[in-house]
Amino acid sequence: MNSQLIEQLRLRLGANGLPYEIPIHPQLVHLTLGLFIIAIIFDIAGVLFSLEKPIFKFLGLAAIRSSFFDVGWYNLIAAATITFFTVAAGFFELLLANPPVDQKSAWGLSAGWTMLLHGLGGVLLLGIIVAMTVWRGLQRYHWRKDASRQVQWSYLLAGIAILGILFVHGTLGAQLGEEFGIHVTAANTVAKNVYSK
């Protein structure tokens, strides 16, 4: 925990080690994940539309291919925007973390290494998501604007690969909370009671 930062900002930390009751970073992470996953799924649905069209017709759903691509595009823009706030909140909460020093995660990493990898990975993923948004925008407005299929197969494959990277990165974040108890109210309360005895 960075005590100088706490003193400079005059923060009053709660039981979870944060100046607010509910950590913001995990909430924004799930929003980023949901928006990115929806963006890729709807772009895949748009590409495979000719196969799905009979299913939509059978279910009585009026769907057009461009609508799937619209949902994919706007969700990706939202994911790129929210990710800036996600990373910022993550670094703020990371600065206030008080990690255990003698504990290892299920992956054999210390809390410090897990925090470092998760922080660097967050910045890397921010760059990747912004790059994907630029790539998607170029496809939508320049390269494939007159094509019925707005996205390239390489874009979809990259999106699926990024989902895998997000899974690994999310697991590191989950280990910080679950295994190391960082910013978990119950874990901090138990630790304070143990140290006070």
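A crossing of two helices is termed left-handed if the near helix is turned anticlockwise from the far one by less than a right angle, and right-handed if clockwise. By this criterion, H5 and H6 cross in a left-handed sense. The model is predicted, with pLDDT of at least 70 required for local features and 80 or more for side-chain atom pairs, while totals for chains, interfaces and linings use all residues. Residues are numbered from 1 along each chain, and side-chain values use heavy atoms, without hydrogens and water.

Helices are DSSP runs (H or I, at least four residues) numbered from the N terminus. The axes of H5 (residues 111-143) and H6 (residues 153-178) come within 10 Å and cross at roughly 155 degrees; axes are lines fitted to C-alpha atoms over the stretch in contact, with angles from 0 to 180 degrees between N-to-C directions. H5 and H6 are therefore roughly antiparallel (over 145 degrees). The contact of H5 with H6 comprises 14 nonpolar, 10 polar and 1 charged residues (Asp, Glu, Lys and Arg count as charged; Ala, Val, Leu, Ile, Met, Phe, Trp, Tyr, Cys and Pro as nonpolar; the others, Gly among them, as polar).

Within helix H6 lies Leu176, which counts as buried at 8% relative accessibility (under 20%, 1.4 Å probe, protein chains only). Its C-alpha atom is separated by 7.2 Å from that of Met115, 61 residues apart along the chain.

Terms used. Helices (H or I, at least four residues) and strands (E, at least two) are DSSP runs, numbered from the N terminus. Angles under 35 degrees count as roughly parallel, over 145 as roughly antiparallel, 65 to 115 as roughly perpendicular and the rest as oblique. Buried means under 20% relative accessible area, exposed over 50%, partly exposed in between (1.4 Å probe, protein chains only).
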